[in-house]
Amino acid sequence: MSRNLSDLRLAPGDALFLDFDGTLAELRDDPDAVRLDAGTEAALARLAARLSGALALLSGRDIRDLDRRTPRALWRAGGHGLEVSEPGSPPPPTPRGPVAEMLERLDAAVAGFPGARIEVKGPILAIHYRAAPEAGESLIAAAKAEAERNADHVAQAGHMVVEVKPASANKGRALRALAARAPFAGRRPVMIGDDTTDEDAIAAALDLGGVGVRVGPGESAAGYRAADPAEVRAWIAREAARLG
C-alpha cells in the first residue's frame, strides 16, 4: 500500500526528478496556458540549492517550450529526455527530423474531431484530445499505425494524449543517464510523476535504489502517492524550508 507524499523526507544527499504537467502544474485543455507561479519557482530554486544542484525537471514537452515555462537555473530534460539543458544554459536549436509526413497523415486523422489538436515537440508529435474525449480510441489507433510505419518509433498514450515518438525518448533512460553524471551521481533518486511515461522513470529510480511518487490515480510501482500538483508544490516548499 502506498504511503502519502507528506511522509517522505528528502536528505541532502538525494537527487530529485520532477515531471512538469500534472505534477508541478495542473493539466489544462490548452497546454500553452500552463505556467509555474513565482512561489513555486522560488521554492524549486531553494530546494535545488539544498540538494547541491541535483534537481531536474523531466518532461515530455519540447525542451524549448519547457525552458519558457520553468526556471533556467534548474536542470531541464525535454522530449522525455531526448534533449537536456544544464542550469543556466539556453536550450539547443530545434532539431530537424522526418516529422513532416507523419504530421500530414496525423493531421488528416485529427481533422475529423473538432477540439483535438496536434502539438509538435521537436521530433515528437503529441495528439491532444482532452477537448474531444470521444476521439480517443480512433486517435490512439492512428498514432499506433503511424508508429508502425516509421522505424524506431513508438506510440504511447497518456492523460488524454497520445504521442508518436522515437523509441529512445524514454524518461526511464533519461533518469538513468542523469543519475550517472554530476551532480546526480551517487545520490538516491526520487522521481515524482503522474502519467504513463513517468512510470518508466519511477521504475528506473526504484531499480537504482530510489523512491517513486505517483501523483493522482492510476496503477503504479511507486511507494508514495500525492493527490494532485498542489500537494506536490506544498511538499516542495516544506522540504526546501526543512532542509534549510
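In which kind of crossing, left-handed or right-handed, does H3 pass H4?

Analyst: The model is a predicted one. In it, H3 passes H4 in a right-handed crossing. Helix H3 is formed by residues 100–110 and helix H4 by residues 136–149, and the two pack with their axes 10 Å apart, at an angle of about 160°. Angles over 145 degrees count as roughly antiparallel, and H3 and H4 are therefore roughly antiparallel to each other.

On the side of H3, the contact is made by Met-102, Arg-105, Leu-106, Ala-109 and Val-110. Their counterparts in H4 are Leu-139, Ala-142, Ala-143, Glu-146 and Arg-149. By residue class, this contact of H3 with H4 comprises 7 nonpolar and 3 charged residues, with no polar ones.

A further residue of helix H3 deserves mention, namely Ala-108. Ala-108 has a relative accessibility of 57% and therefore counts as exposed, the cut-off for that class being over 50%. Between Ala-108 and Ala-142 there are 9.8 Å in space, taken from C-alpha to C-alpha, while the two are 34 residues apart in sequence. Ala-142 is itself among the H4 residues that make the contact with H3.

Methods
Residues are numbered from 1 along each chain as its sequence is written. This is a predicted model: local features need pLDDT of at least 70, side-chain atom pairs count only at pLDDT 80 or more; totals for chains, interfaces and linings use all residues. Side-chain values use heavy atoms; hydrogens and water are left out. Axes are lines fitted to C-alpha atoms, for helices over the stretch in contact, and angles run from 0 to 180 degrees between N-to-C directions. Helices (H or I, at least four residues) and strands (E, at least two) are DSSP runs, numbered from the N terminus. Angles under 35 degrees count as roughly parallel, over 145 as roughly antiparallel, 65 to 115 as roughly perpendicular and the rest as oblique. A crossing is left-handed if the near helix is turned anticlockwise from the far one by less than a right angle, and right-handed if clockwise. Contact means heavy atoms within 4.5 Å. Ala, Val, Leu, Ile, Met, Phe, Trp, Tyr, Cys and Pro count as nonpolar, Asp, Glu, Lys and Arg as charged, and the others, Gly among them, as polar. Buried means under 20% relative accessible area, exposed over 50%, partly exposed in between (1.4 Å probe, protein chains only).
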